[in-house]
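The exercises below each pose a task and then work through its solution step by step. Please keep the sequence and the model open side by side while reading.

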Amino acid sequence: MTTSPDEGEEKEGPVIRDKRRIDPETGKVRERAADSSPAPEAPANGGATVSDEEVASLKTQLAERLADLQRLKAEYDNYRKRVERDRVAVREQALGQVLSELFPVLDDIGRARDHDELTGGFKSVAESLEAITGKLGLERYGEKGEPFDPVVHEALMHGYSAEVTETSVVDVLQPGYRIGERILRPARVAVAEPDPDADEPAAKAEKAGDAEKAAKAGSDDKAGSDDSGEPGDDGE
């Protein structure tokens, strides 16, 4: 019976390394052995080279992203301004609807003031109401003598006058109210234009004066010629 050369020799088992930090027998922390092999140094250029084309491409992409960011910021700013403008407009509209209900009361206060009937406790209440509406931004407008503006005035009466040089307000029938640039009620007024016939009497008077001056000058010249004539027979 033949046997192999390796028969009878003890076979080696797998090598097992215990990497536990705590020694199970002593319960102490094991000290790790320092790695004898030094870590390889990283190349100075990172192990890769970047070409000029790649650099140019990266710069182009960066410029595009920056432009996108600026465009996005501009759109956001416009949106924020539009929202703020709409918010103010909605507030003015709601406030205008509430204040419009007080116009008859304010008109009565104005008429009472014009007739010297705003006295006593009624005067105090009226002034308080006008002060509150003023704080809310309500402005009353419309005065005699101001130029007529169809944007803010509503002409209910029309006439001609020699006392005006342009179309003007000669009487305020009902004052107007506005909040900022928003007209809540136009001022209802009577307007007058310059009288086209007003210049004719003046022109006639001027012509008459010129004729009178010319006639007087002619009479003076005639009288002067008579005084400077030759002496008659009586003087011989």
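**Exercise 1. The largest pocket**

How many residues line the largest pocket, and which of them lie nearest its centre?

Solution. The model is a predicted one, in which local features need pLDDT of at least 70 and side-chain atom pairs count only at pLDDT 80 or more, while totals for chains, interfaces and linings use all residues. Residues are numbered from 1 along each chain as its sequence is written, and side-chain values use heavy atoms, with hydrogens and water left out.

Step 1. The term comes first: on a 1 Å grid over the protein atoms alone, a pocket is an open set of points where a 1.4 Å probe fits, with protein on both sides within 12 Å along at least five of seven lines, and a lining residue has an atom within 4 Å of a point.

Step 2. The lining of the largest pocket consists of 14 residues, and G110, D114, R140, V172 and P175 are those that lie nearest the centre. The space in this pocket amounts to about 330 Å³, where the volume is that filled by probe spheres set on grid points joined across faces, edges and corners.

Step 3. Two or more lining residues come from each of α2, β1 (138-141) and β3, and α2 gives the largest share, five residues. Helices (H or I, at least four residues) and strands (E, at least two) are here DSSP runs numbered from the N terminus.

Step 4. By class, the lining holds seven charged, three polar and four nonpolar residues; Asp, Glu, Lys and Arg count as charged, Ala, Val, Leu, Ile, Met, Phe, Trp, Tyr, Cys and Pro as nonpolar, and the others, Gly among them, as polar.

**Exercise 2. A buried arginine**

Is R185 buried or exposed, and which side chain does it contact?

Solution. Step 1. R185 belongs to strand β5, and it counts as buried because its relative accessibility is 9%, the classes being buried under 20% relative accessible area, exposed over 50% and partly exposed in between (1.4 Å probe, protein chains only). Of the 236 residues of the protein chain, 14% count as buried.

Step 1. The side chain of R185 makes a polar contact of 3.0 Å with that of D107, and a polar atom of the R185 side chain lies 2.6 Å from the backbone oxygen of P175. A polar contact is a pair of N or O atoms within 3.5 Å; within protein, one must be able to donate a hydrogen and the other to accept it, and residues adjacent in sequence count only if both atoms are side-chain atoms.

**Exercise 3. Two loop residues**

Locate D116 and E163 among the elements and state the accessibility of each.

Solution. Step 1. D116 lies in the loop between α2 (103-114) and α3 (120-135), and it counts as exposed because its relative accessibility is 69%. Although not a glycine, D116 has a positive phi of about 60°.

Step 1. E163 lies in the loop between β2 and β3 and is exposed, with a relative accessible area of 76%. The C-alpha atoms of E163 and P194 are separated by 7.3 Å, although these residues are 31 apart along the chain.
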